[in-house]
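Please look through the sequence and the 3D structure below before reading on. The notes that follow are grouped by topic.

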Amino acid sequence: MPSIAPVIDLMIAGGQKCATSSILEYFRAIDGVRAQTLPEMAYFTYDDEWRRGYDSAFRMYFPQRAAPADAGSRIIAKHANIMARDHALARLYEHNPRVHLLVSLREPVARAYSAYWWARREGIETMQSFEDAVAAGPRRFTQPSVASTCDYLGNGEYARQLAGLITRFSSPHVHVVFDSEYFAAPDMALGPVLGALGLTRGAGIAAPRENAAAAPRSERFARALQNARISRQIAHLILPRRVTRRIGVAVTSLNQREIDIPPISPKTAARLREHYQAHDDALRTMLGRALPWDSEAL
């Protein structure tokens with residue numbers, strides 16, 4: 001049966017830990033936008049959600065009651081790691097081949113280090129040092145979605161991922177911004193995608209900052225939440241999925257405390273910068289411009 005819900009007009013596709021949560025909040029404040037209410041739209045990545053269909057997913061991620069002002073609104077979704085998941089991109093293309101994709105990029109060493117601490121916070125990563133986690137690599141995770149999330153080096157190899165997006169969706173529909181430029185002047189950084197969607201935003205409004213660095217109050221409890229699959233399946237039978245997802249987000253938040261992340265080891269940073277040199281060269285060529293972090297300190 002064909003879907004009756006409006007299709008997604010813009011997918012904030014990543015990169016992971018590159019200000020995607022902040023960008024979603026920016027769009028949420030714009031007239032003529034209907035944005036998802038959960039942190040990540042997993043419809044294209046999770047097989048069980050995909051099998052239930054888009055109408056079911058739309059009710060979960062966009063549950064607000066329709067109003068006259070909603071008619072014709074641009075539908076804005078976000079999944080911070082979807083550009084690294086080819087099967088999810090194929091499903092997104094099937095959903096709407098003319099969807100626009102917004103890709104936010106951050107200096108890749110800082111991104112990798114931030115992603116490690118995020119995974120520690122969520123109870124996904126158990127290794128106590130960034131260096132050990134990078135050396136072990138993502139193959140130690142049996143669940144593909146977790147392995148993709150914890151591919152700390154691979155997720156910063158931006159040129160390879162962008163090439164895949166452009167091949168599938170075409171260049172005019174893939175919009176690239178840099179997190180530092182977004183935070184400095186959000187309206188200017190997002191101007192091209194706003195224009196493509198027929199949206200406007202008043203100049204001079206500061207970019208919201210979301211998803212601050214945090215650590216679990218109890219790592220054991222955080223890991224238990226990640227592993228509670230059977231409990232979640234039972235809860236889904238009793239409560240609507242959007243309710244169980246919200247409960248999960250709330251409980252996870254209660255187990256977190258904001259922290260100042262310790263600085264990365266200079267030796268590790270230098271080694272990773274060397275790893276990314278060829279990838280950054282390819283990105284400069286692809287975009288036809290210098291990268292903001294060419295002159296930035298880590």
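**Briefing on selected residues**

Ile 75 counts as buried because its relative accessibility is 2%; buried means under 20% relative accessible area, exposed means over 50%, and partly exposed lies in between, with a 1.4 Å probe and protein chains only. This is a predicted model, in which local features need pLDDT of at least 70, side-chain atom pairs count only at pLDDT 80 or more, and totals for chains, interfaces and linings use all residues. Residues are numbered from 1 along each chain as its sequence is written, and side-chain values use heavy atoms, with hydrogens and water left out.

**Ile 75**

- Ile 75 is part of strand S3, which covers residues 74–78; strands (E, at least two residues) and helices (H or I, at least four) are DSSP runs, numbered from the N terminus.
- Not counting residues up to four places away in sequence, Ile 75 touches Pro 6, Val 7, Ile 8, Asp 9, Leu 10, Arg 34, Tyr 54, Phe 58 and Phe 62, where contact means heavy atoms within 4.5 Å.
- Met 11 is 64 residues from Ile 75 along the chain, and their C-alpha atoms are separated by 8.7 Å.

**Thr 268**

- Helix H15, residues 266–287, contains Thr 268.
- Thr 268 has a relative accessible area of 6%, so Thr 268 is buried.
- Thr 268 touches Phe 130 and Glu 131, again not counting residues up to four places away in sequence.

**Cysteines**

- Cys 18 counts as buried because its relative accessibility is 0%.
- Cys 150 is also buried, at 1% relative accessibility.
- The structure holds zero disulfides, a disulfide being a pair of cysteine sulfur atoms within 2.5 Å.
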